[in-house]
Amino acid sequence: MDKSKKYGEATMMRGVLLALQFFTIFPINKELNMDRKSVTMMFTTLPWIGGAFGLITSIVWLYLDASPLFIAFTIVLLGIVLSGGLHLDGFADTSDAFFSYRNQDKRHEILADPRIGAFGTIALLFLIVGKIILLAEIITQDGMSWQWLVVIPFLARVGMVYYFIITPVARDKGLAAFFKKRFHQRLLLIATCISIAIAVGFIVIVGGDVLVAITTLVALFICAHVYKLWTKKHFGGVTGDVSGAFVEGMEVVLWLLIFILL
């Protein structure tokens, strides 16, 4: 029993370290075993990493005495720094590939290219500036609160995990294909649904807003399934880059909902 408990704790810790290693700026200079349980735990942990980012951001927001525009800029900057710009990179690459209007094989070549093109640059600029303006408007209208800063990065990442589970891989090679072969789909789906339920409960209990909770839940599932169809059509399925792009896009959608509903 003790051995089993220790093995479970070790697996959980490996999953957390893998999530920090792959999805954050924090240096985890350690070679970790990526067995099925550890990779499953890594994806289970990912939304909570986003929630931790949001908690850090909310603390800064609470104590930062500045204009709405500067606060919005700081919130966006912190999200980029803490994640190492990983999801932004995926958004830029996905934009470059999609707006090339080439066939799927050529689009995958563009995704694999480490250089950023004109379309990726333009899309990145619109995303960052647009998010800053949107957050500044929410702050100006007194719609910002610490719970939104925590729950939105959480929901964007749990939505990405859900999308990743339900979407077939675009190719047999690459990071997405590597991870797809190394997690327990049923267990991860259950854990993801539990995380979504916790986030919705958090909005209702802490945020005190049932309408926002229901709307974000519906939006999350609609976006995940629509994005699945879109990526299957244009890329053949899920890749690491289009997964990162989902996180960025989902955050914008959720902030737009907050802006409209509050």
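Predicted model: local features only at pLDDT ≥ 70, side-chain atom pairs only at ≥ 80, totals over all residues.
Which helix gives the largest share of the lining of the second largest cavity? Helix 7 does, with 4 residues; the views below take you there.

View 1. Residues are numbered from 1 along each chain as its sequence is written, and side-chain values use heavy atoms, leaving out hydrogens and water. You will find 2 cavities of 30 Å³ or more. Here a cavity is a set of points, on a 1 Å grid over the protein atoms alone, where a 1.4 Å probe fits but cannot get out, and its lining residues have an atom within 4 Å of a point. Grid points are joined across faces, edges and corners, and a volume is the space filled by probe spheres set on the points.

**View 2. The largest cavity.** About 300 Å³ of space lies here. Of its 20 lining residues, Ile75, Val76, Gly79, Lys131 and Glu251 lie nearest the centre. Two or more lining residues come from each of helix 2 (36-63), helix 3 (68-83), helix 6 (118-140), helix 7 (146-166) and helix 11 (240-261); helices are DSSP runs (H or I, at least four residues) numbered from the N terminus. Helix 3 supplies the largest share, 5 residues.

**View 3. The second largest cavity.** This one holds about 30 Å³ of space. Among its lining residues are Trp148, Leu155, Ile203, Thr216 and Ile258. Helix 7, helix 10 (210-235) and helix 11 each supply at least two.

Terms used. 1 Å grid on protein atoms, 1.4 Å probe; cavity = no way out; pocket = protein on both sides within 12 Å on 5 of 7 lines; lining within 4 Å.
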